[in-house]
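I open this notebook to record, entry by entry, what I looked up in the structure. Each entry keeps to a single topic.

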Amino acid sequence: NETFKKFDVNQDGTVSKSEIEQLVRDRTKERKAVIDEKFQVRISEPGISEDEIGAAEEAKRQHLQACNEAQVKQLKMLVAADINSDGMLSLTEFMLAESWWLRCTLNPSKAHLF
């Protein structure tokens with residue numbers, strides 16, 4: 001409910017396509033920032049070897065690529081969640097899509113990445 005209210009910018013009780021696109025961009029940006037932060041922590045550890053740094057760089061690249069792919073999938077999924085095809089997501093449509101999305105994607109804030 002709180003997420004829906006946050007992204008229902010014009011407070012009309014629905015989330016429009018432009019509001020959905022902004023939601024997805026913001027989420028991707030936040031997740032990429034967490035990945036980058038965790039990467040910086042990892043490579044700043046004392047005694048880390050060049051091989052470990054290389055492995056962390058590759059893991060970061062893969063995580064960022066997964067974020068980009070997830071962004072595309074999330075946009076498609078949110079559009080598909082428009083059950084009544086009115087071009088907007090109602091609270092119910094949004095909650096169904098959001099609950100599915102949160103269960104199916106990596107949350108870098110809660111995952112051990114490096």
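Entry 1: I began with Q11, which sits in the loop between helix 1 and strand 1 (15–16). Helices here are DSSP runs of H or I with at least four residues, strands are runs of E with at least two, and both are numbered from the N terminus. Q11 is not a glycine, yet I read a positive phi of about 55° for Q11. Its relative accessible area is 69%, and Q11 is therefore exposed. For this term I note the cut-offs: buried is under 20% relative accessible area, exposed is over 50%, and partly exposed is in between, with a 1.4 Å probe and protein chains only.

**Entry 2: what the model is.** I note that this is a predicted model, in which local features need pLDDT of at least 70 and side-chain atom pairs count only at pLDDT 80 or more, while totals for chains, interfaces and linings use all residues. Residues are numbered from 1 along each chain as its sequence is written, and side-chain values use heavy atoms, with hydrogens and water left out.

**Entry 3: the chain as a whole.** I looked up the secondary structure and found four helices and two strands in the protein chain. Read from the N terminus, their order is α-β-α-α-β-α. The protein chain has 114 residues, of which 34% count as buried.

**Entry 4: helix 2.** I checked the length of helix 2 against expectation. Its 27 residues should span 39 Å at 1.5 Å a residue, and the end C-alpha atoms are 39 Å apart, which agrees. The expected span is 1.5 Å times one less than the number of residues. The buried residues that I found in helix 2 are E19, I20, L23, V24, R27, T28, R31, I35, F39 and R42. I looked at L23 of helix 2 separately: its relative accessibility is 0%, so L23 counts as buried. L23 and D8 are 15 residues apart along the chain, and their C-alpha atoms are separated by 9.7 Å.

**Entry 5: helix 3.** Helix 3 has 31 residues, and I found 45 Å between its first C-alpha and its last, close to the 45 Å expected at 1.5 Å a residue. Buried in helix 3 are I53, A56, A59, K60, H63, C67, Q74, M77 and L78. A80 also belongs to helix 3, but A80 is exposed, because its relative accessible area is 61%. In sequence A80 and A97 are 17 residues apart; in space they are 8.8 Å apart, C-alpha to C-alpha.

**Entry 6: how do the axes of helix 2 and helix 3 cross?** The axes of helix 2 (residues 17–43) and helix 3 (residues 50–80) come within 10 Å and cross at roughly 170°. Helix 2 is therefore roughly antiparallel to helix 3. Axes are lines fitted to C-alpha atoms, for helices over the stretch in contact, and angles run from 0 to 180 degrees between N-to-C directions. Angles under 35 degrees count as roughly parallel, over 145 as roughly antiparallel, 65 to 115 as roughly perpendicular, and the rest as oblique. I sorted the residues of this contact of helix 2 with helix 3 into twelve nonpolar, five polar and ten charged. Nonpolar covers Ala, Val, Leu, Ile, Met, Phe, Trp, Tyr, Cys and Pro; charged covers Asp, Glu, Lys and Arg; the others, Gly among them, are polar.

**Entry 7: the loop between helix 3 and strand 2.** At 63% relative accessibility, S85 counts as exposed. G87 lies in the loop between helix 3 and strand 2 (88–89), and its 42% relative accessibility is why G87 counts as partly exposed. G87 and V15 are 72 residues apart in sequence and 8.9 Å apart in space, C-alpha to C-alpha.

**Entry 8: the second largest pocket.** I recorded a volume of about 170 Å³ for the second largest pocket. A pocket is found on a 1 Å grid over the protein atoms alone, with a 1.4 Å probe, as an open set of points with protein on both sides within 12 Å along at least five of seven lines; lining residues have an atom within 4 Å of a point. Its lining consists of T3, K6, F7, L23, D26, R27, E30, R31, E98 and L102. Helix 1 (2–7), helix 2 and helix 4 (91–104) are the elements that give two or more residues to this lining. Helix 2 gives the most, with five residues. By kind, the lining residues are three nonpolar, one polar and six charged.

Conventions. Points joined across faces, edges and corners; volume = space filled by probe spheres on them.
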